[in-house]
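This briefing is for a reader who has not seen this structure before. Please look at the sequence and the model first, then read the notes below.

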Amino acid sequence: MTGFHAIRLTTRDGKRLGFDCTANESIVAAAAAAGIFLPVQCRAGACGTCRATCDDGDYALAAHSPGALSEDAATRREVLLCRTFPRGPLSFALPYDSSCIATEDSAPRPAVVTDLAVIAGNTVRLLLTLGPDPQRGGGAAFEPGQYMELKIPESGVTRAYSLANTPNWDGQLEFLIRLQPEGRFSAWLSGGARIGDTLSVRGPFGSFVLDQGSPRPRVFVGGGTGLAPVLAMLRRMAEWQEPHQARLYFGVNHESELFLLPELEHLSRELPRLGTALCVWRPGPDWTGFAGSPVEALRRDLEAGAFVAPDLYVCGPPGLIAATEALAQRHGIGAGRVFSEKFLPGR
Ligand SMILES: Cc1cc2nc3c(=O)[nH]c(=O)nc-3n(C[C@H](O)[C@H](O)[C@H](O)COP(=O)(O)OP(=O)(O)OC[C@H]3O[C@@H](n4cnc5c(N)ncnc54)[C@H](O)[C@@H]3O)c2cc1C
Ligand code: FES
């Protein structure tokens, strides 16, 4: 018979959680069985969402992608909780606050399409209004930076999209979505979707949220629609008038792909310590701004000493995140100060 091992988790804001886990169960599965729903996406060691650090105890770490957890990180006793199996009592530090952990499995809710508009060549802004939640009532409750799962009506197609707005009582959800050629959700958005359609949504999910307890400067890197969760965070900072020094690097391939520039200007007025760098990878001849990737622009500013010991928030394609993490490491910014969300393709 398999014995049970005591597992202790401590969240970034100091909340302690405990449950038992057998040697054959992952920490994520045992936590869910105990009614503790940790932030996860792939549950297969591929995305890195369930990263944590083991403070004490022995464990086995099953096969995983080096992009989700590098060998170096594993040597520092960082783990992926969906691939971690206990060999005795264990305690872990979680890199997010208790507000990212759900105590019940998220039930689907209907949400009505209230607006759908093209905001750049291949990017749309989708607005939904949530129906009432039988368990929690009305309103859209989430942490800026989190995402929802959206299911197209009468189809099996479900995709994750980051929320670009802040929590509200009206049940409003705002998404910024890049249309992918041949993409199934993209095809629905550009062809079939109509105002008044009802989608099924689940969430919120994810642990890509502001570290509210940190007074460090905040550096944001958004690649394309990776701006969405970053925008939610900046909007929250403006609502709360947070005093942090902040800088946004917004990267696109061509200037025709830039979007929501008036909104970014508005945020700069609301947040006097926010600077914005628009980074265009392959600009046309009339572009006078920075030509290159947001990681190059960030490197230039780090080398010039523009920020001391910042927190880094980065969202977009996996390559952008890997490049930002490598740059952070070269500049002595610890892995624990780099927060990321990868836009992995749906399954
Ligand atoms: C946590 C999370 C949050 C996300 N938030 C957003 C968001 O806010 N905005 C947004 O635009 N996307 C976001 N994504 C990506 C999104 O979930 C879908 O994967 C994307 O919209 C493509 O869906 P699709 O059905 O149109 O394409 P699919 O039918 O899934 O794929 C069609 C083709 O496009 C390729 N493809 C799919 N996605 C990408 C990609 N991101 N880059 C390059 N090629 C791709 C596939 O490999 C495939 O060949 C997020 C993903 C995750 C995991
Ligand atoms: S949920 Fe564990 S690596 Fe994706």
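The shell around ligand 1 is made up of 12 nonpolar, 7 polar and 5 charged residues; Ala, Val, Leu, Ile, Met, Phe, Trp, Tyr, Cys and Pro count as nonpolar, Asp, Glu, Lys and Arg as charged, and the others, Gly among them, as polar. This is a predicted model, in which local features need pLDDT of at least 70 and side-chain atom pairs count only at pLDDT 80 or more, while totals for chains, interfaces and linings use all residues. Residues are numbered from 1 along each chain as its sequence is written, and chains are lettered from A and ligands numbered from 1 in the order in which they are written.

- Ligand 1 is surrounded by 24 residues, and the closest are Ala160, Gly183, Phe185, Ser186 and Pro345; a residue is near a molecule if its C-beta atom, placed from the backbone, lies within 6 Å of it.
- At least two residues of this shell come from each of strand E11 (158-162), strand E12 (172-178) and helix H3 (184-192). Helices (H or I, at least four residues) and strands (E, at least two) are DSSP runs, numbered from the N terminus.
- The protein chain has three parts: domain 1 (4-100), domain 2 (109-205) and domain 3 (218-342), with bounds from an automatic or database domain assignment.
- Ligand 1 lies between domain 2 and domain 3, because both give residues to its shell.
- The centres of domain 1 and domain 2, taken over C-alpha atoms, are 30 Å apart.

**Helix H7**

- Helix H7 (residues 318-330) has 13 residues and spans 19 Å from its first C-alpha to its last, close to the 18 Å expected at 1.5 Å a residue; the expected span is 1.5 Å times one less than the number of residues.
- Leu320, Ile321, Ala323, Thr324 and Ala328 are the buried residues named in H7. They cover an arc of only 165 degrees around the axis, so they sit on the same side of H7; the arc is that of the directions from the helix axis to the C-beta atoms.
- A residue is buried if 20 or more other C-beta atoms lie within 10 Å of its own, exposed if 12 or fewer, and partly exposed in between, with C-beta atoms placed from the backbone.
- Exposed residues Ala326 and Arg330 are on the face of H7 turned away from its buried side.
- The cover over the buried residues of H7 includes strand E14 (218-223), helix H6 (294-303), strand E18 (311-316) and strand E19 (338-342).

**Ala140**

- Ala140 is in the loop between strand E9 (123-130) and strand E10 (147-151), and is buried because 25 other C-beta atoms lie within 10 Å.
- Beyond its neighbours within four places in sequence, Ala140 contacts Leu130, Pro167, Asn168, Gly171, Gln172 and Leu173; contact requires C-beta atoms, placed from the backbone, to lie within 7 Å.

**Backbone exceptions**

- Most residues other than glycine have a negative phi, and most peptide bonds are trans.
- Arg43 has a positive phi near 55 degrees, in the loop between helix H1 (27-33) and strand E3 (51-56). Arg43 counts as partly exposed because it has 17 C-beta neighbours inside 10 Å.
- Glu182 has a positive phi of about 70 degrees, in the loop between E12 and H3. Glu182 is exposed, with 6 other C-beta atoms within 10 Å.
- Gly203 and Pro204 are joined by a cis peptide bond with omega of about 5 degrees, and Pro204 is in strand E13 (residues 198-205).

Note on methods:
Two residues are in contact if their C-beta atoms, placed from the backbone, lie within 7 Å.
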